[in-house]
Amino acid sequence: MIIIITLSVVLLSCAPMRGDPLEVEPFQEPKTTLLLQILKRLDEIDQRISVVERKIHGNQQIVVSTITKQLGGISDKLESINKTLRQNVGTYYESCVEAPEMMSDVYMIRPPASSVAPFKAYCEQRYQQGGWMVLMRRYDGSLNFTRSWADYRDGFGDVAGEHWIGLERMHRITTSDYYELLVTLKDFDGVIKTARYNEFEVANEANGYRLNLGTFVDGKAKDSLRVSDGSMFSTYDRDNDLHAGSCAAFYASGWWYRNCMNANLNGLYRQHDPNNATMNWFGFNDDLQGLKEATMMIRVVSN
């Protein structure tokens with residue numbers, strides 16, 4: 001009996017009393033508090049880093065924008081200086097191939113083997129490796145192409161805009177060297193197509209500025225100029241075509257008409273015309289609907 005009571009007392013003395021806290025590891029609560037403080041501090045640091053990154057990104061954009069503007073200004077100044085030098089120093093180029101690369105502009109051209117006097121021409125230096133001399137260009141209908149023989153012979157318009165460089169000049173240029181022809185076209189829907197020929201030559205006035213056209217090389221606009229190959233040029237006051245009437249008078253423009261044509265880039269600037277007297281190229285859409293833009297360019301062919 002005494003032994004049982006003693007064991008009970010011992011067991012009761014070892015058991016935790018109700019309401020007494022359980023024993024915990026030393027520093028358990030301080031560790032938790034320290035961890036929370038560290039996490040909070042890391043979060044603050046992360047937020048500060050984000051702010052700094054945003055500032056750096058913003059500064060980079062400002063710097064890039066500033067540099068871009070400065071470079072643009074320098075480029076404009078260089079181009080202006082280049083124009084001034086060409087105009088005032090008297091720089092001549094044998095062809096547009098010799099003109100500055102990637103700088104499409106008006107240049108003074110003096111073909112070496114030609115009897116033509118130096119003249120201004122627009123050189124297209126960005127399209128298909130550049131070196132193209134523009135013979136005619138239309139894009140807004142601001143220039144009237146219903147012209148006389150004398151006008152088409154001597155040329156008209158501004159070479160920096162819509163113009164016709166002149167048949168006499170075409171003759172003297174294309175008979176001094178070997179030239180290829182590129183025709184670029186755009187319709188009123190913005191579709192662009194081209195036609196390229198490996199040879200383009202214009203005879204003298206005594207031969208009616210007859211067209212000598214080489215082989216069609218490529219282009220989705222197709223070979224619509226073929227009908228004009230071997231034809232003399234005609235205007236409303238100089239009828240050289242094979243038609244019983246006057247193609248030039250009927251279509252209100254000068255061109256290399258035969259009987260009459262499948263292309264007429266000097267036609268009236270309108271999308272539709274009951275007589276098809278438009279600026280057209282049949283192979284563009286297999287019709288004679290008017291086009292929005294047209295350019296004829298030649299480039300000297302390297303030997």
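The model is a predicted one, so please read each value below as computed from its atoms. It holds 2 disulfides, and with bonded cysteines counted along the chain they follow the pattern 1-2, 3-4. The largest nonpolar core has 55 residues, and a cis peptide bond joins N259 and C260.

**Disulfide C96–C123**

- The sulfur atoms of C96 and C123 lie 2.0 Å apart and form a disulfide.
- The link of C96 and C123 is left-handed, with -70 degrees about the S-S bond.
- This pair connects distant parts of the chain, 27 residues apart: C96 sits in the loop between α2 (28–90) and β1 (105–109), while C123 belongs to strand β2 (residues 119–124).
- C96 has a relative accessible area of 1%, and C123 has 0%; the cut-off for buried is under 20%, so both cysteines count as buried.

**Disulfide C247–C260**

- C247 and C260 also form a disulfide, and here the sulfur atoms are 1.9 Å apart.
- The torsion about the S-S bond of C247 and C260 is about -85 degrees, so this disulfide is left-handed.
- Distant parts of the chain are linked by this pair too: C247 is in helix α5 (residues 247–251) and C260 in the loop between α5 and β11 (263–264), 13 residues apart.
- C247 is buried at 1% relative accessibility, and C260 is buried with a relative accessible area of 12%.

- The peptide bond between N259 and C260 is cis, with omega about 0 degrees.
- For context, most peptide bonds are trans.
- N259 and G245 are 14 residues apart along the chain, and their C-alpha atoms are separated by 9.3 Å.
- G245 lies in the loop between β10 (216–218) and α5, where it is partly exposed with a relative accessible area of 28%.

**The loop between β2 and β3**

- Q125 is found in the loop between β2 and β3 (132–138), and its relative accessible area of 4% makes it buried.
- The side chain of Q125 reaches the backbone nitrogen of G131 at 2.8 Å.
- Q129 lies in the loop between β2 and β3 as well, but Q129 counts as exposed at 74% relative accessibility.

**Positive phi values**

- Most residues other than glycine have a negative phi.
- Q129 has a positive phi, near 70 degrees, although it is a residue other than glycine.
- K222 is likewise a residue other than glycine with a positive phi, near 70 degrees.
- K222 is placed in the loop between β10 and α5, and at 42% relative accessibility it counts as partly exposed.

How values were computed:
Residues are numbered from 1 along each chain as its sequence is written. This is a predicted model: local features need pLDDT of at least 70, side-chain atom pairs count only at pLDDT 80 or more; totals for chains, interfaces and linings use all residues. Side-chain values use heavy atoms; hydrogens and water are left out. A disulfide is a pair of cysteine sulfur atoms within 2.5 Å. Helices (H or I, at least four residues) and strands (E, at least two) are DSSP runs, numbered from the N terminus. Buried means under 20% relative accessible area, exposed over 50%, partly exposed in between (1.4 Å probe, protein chains only). A nonpolar core is a set of buried Ala, Val, Leu, Ile, Met, Phe, Trp, Tyr and Cys residues joined through side-chain atoms within 4.5 Å. A polar contact is a pair of N or O atoms within 3.5 Å; within protein, one must be able to donate a hydrogen and the other to accept it, and residues adjacent in sequence count only if both atoms are side-chain atoms.
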